[in-house]
Amino acid sequence: MTATYDDPSSVTVVVVDDHPIWREGVARDLAAQGFVVVATVADSSFTARIAAATQPRVVVIDLDLDELSAVEAVRTIASTMPDTRVLVLSERAEHRDVLDAVKAGAAGYLVKSASAAELVDAVRRTANGDAVFTAGLADLVLGEFQRLAAEPEPEAASVPRLTGRETEVLKLVATGLTARQIAKALTLSPRTVENHIQSTLRKLHLHNRIELVRYAISQGLTE
């Protein structure tokens, strides 16, 4: 059965930022809303190690620490900790930064001008597997995936067979809908939708909804 994280007390978080005011402020805002902050980290080079030790549901990380090591930390977490989601919280929203983070495995990208309420909502949605982006950035990521999908695949691997319902859910995931929105559109329960999403992720050996979007585009499942 797929876990859901609507109760903040069920969501463990690691906050990574080299600026003490930002780091402690983010941790304080999240803790005030009931999230369980298991660690705060000032150096991205220690992030993957601490995440491995604490196994948080969400890592909130600032790319401005040391861009290369921060992106590498995102990549390590995404590739080795399938139950952990990474949300980038950065002052910058430059295209290269966003795409580098997403390609490394980040589940979302939020700019620091976001309000505390937006941050709390982003962490909650990230914990539940949604792809969360500051307004305008989702279109950037979708456009990049469409460009990549136009390029030839390096190898023609066999494609796992999805059920009709899994394919239907996948198409709606690729439009950016949340599990609740998909459930309403298909007259299903959110839990059933989550089960279909998790089954599809397992079959395709993918880690998150962003990778599902890229897969859907590459397979011509989006218009």
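Modeller: Two residues are in contact, or touch, when they have heavy atoms within 4.5 Å of each other. This is a predicted model, in which local features need pLDDT of at least 70 and side-chain atom pairs count only at pLDDT 80 or more, while totals for chains, interfaces and linings use all residues. Residues are numbered from 1 along each chain as its sequence is written, and side-chain values use heavy atoms, with hydrogens and water left out.

Biologist: OK, threonine 47 then. Which residues does it touch, not counting residues up to four places away in sequence?

Modeller: With those neighbours set aside, threonine 47 touches Val16, Val41, Val59, Ile61, Ala73 and Ile77. Threonine 47 itself lies in helix H2, where helices (H or I, at least four residues) and strands (E, at least two) are DSSP runs numbered from the N terminus.

Biologist: And does threonine 47 count as buried or exposed?

Modeller: Threonine 47 counts as buried because its relative accessibility is 0%; buried means under 20% relative accessible area, exposed means over 50%, and partly exposed is in between, with a 1.4 Å probe and protein chains only.

Biologist: What about serine 90, where is that?

Modeller: Serine 90 is in strand E4, which covers residues 85–90, and its relative accessibility of 0% is why it counts as buried. Leaving out residues up to four places away in sequence, serine 90 touches Asp62, Leu63, Asp64, Tyr109, Leu110, Val111 and Lys112.

Biologist: Let's zoom out. How many helices and strands does the protein chain have?

Modeller: The protein chain has 10 helices and 6 strands, and buried residues make up 47% of its 223 residues. Among the contacts in the chain with a separation of 6 or more, 68% are between residues 24 or more positions apart. The chain exposes about 10900 Å², of which carbon and sulfur atoms supply 53%; such areas come from the Shrake-Rupley method with a 1.4 Å probe, and for residues only the protein chains shown count as cover.

Biologist: Now helix packing. At what angle do H1 and H5 pack?

Modeller: Helix H1 (residues 20–32) and H5 pack at an angle of about 70°, with their axes 10 Å apart. The axes are lines fitted to C-alpha atoms, for helices over the stretch in contact, and angles run from 0 to 180 degrees between N-to-C directions. H1 and H5 are therefore roughly perpendicular to each other, given that angles under 35 degrees count as roughly parallel, over 145 as roughly antiparallel, 65 to 115 as roughly perpendicular and the rest as oblique.

Biologist: Which residues of H1 and H5 make the contact?

Modeller: On the H1 side they are Val26, Asp29 and Leu30, and on the H5 side Ala116, Leu119, Val120 and Val123. The residues of this contact of H1 with H5 divide into 6 nonpolar, no polar and 1 charged, where Ala, Val, Leu, Ile, Met, Phe, Trp, Tyr, Cys and Pro count as nonpolar, Asp, Glu, Lys and Arg as charged, and the others, Gly among them, as polar.

Biologist: Then H9 and H10, how do their axes cross?

Modeller: The axes of H9 (residues 190–204) and H10 (residues 209–218) come within 11 Å and cross at roughly 70°, so H9 and H10 are roughly perpendicular to each other. In H9, Glu194, Ile197, Thr200, Leu201 and Leu204 meet Arg209, Leu212 and Tyr215 in H10. The residues of the contact of H9 with H10 divide into 5 nonpolar, 1 polar and 2 charged.

Biologist: Loops next. Where does glutamine 55 lie?

Modeller: Glutamine 55 lies in the loop between helix H2 (47–54) and strand E3 (58–61), and it has a positive phi of about 50° although it is not a glycine. Its relative accessibility is 46%, so glutamine 55 counts as partly exposed.

Biologist: And threonine 187, what is its phi near?

Modeller: Phi of threonine 187 is near 55°, again a positive value in a residue other than glycine. Threonine 187 is found in the loop between helix H8 (179–186) and H9, and at 72% relative accessibility it counts as exposed.

Biologist: Last one, which residues is glycine 34 in contact with, leaving aside its neighbours within four places in sequence?

Modeller: Glycine 34 is in contact with Pro8 and Ser9, once those neighbours are left aside. Glycine 34 sits in the loop between H1 and strand E2 (36–41), and between glycine 34 and aspartate 7 there are 8.1 Å in space, C-alpha to C-alpha, although they are 27 residues apart in sequence.
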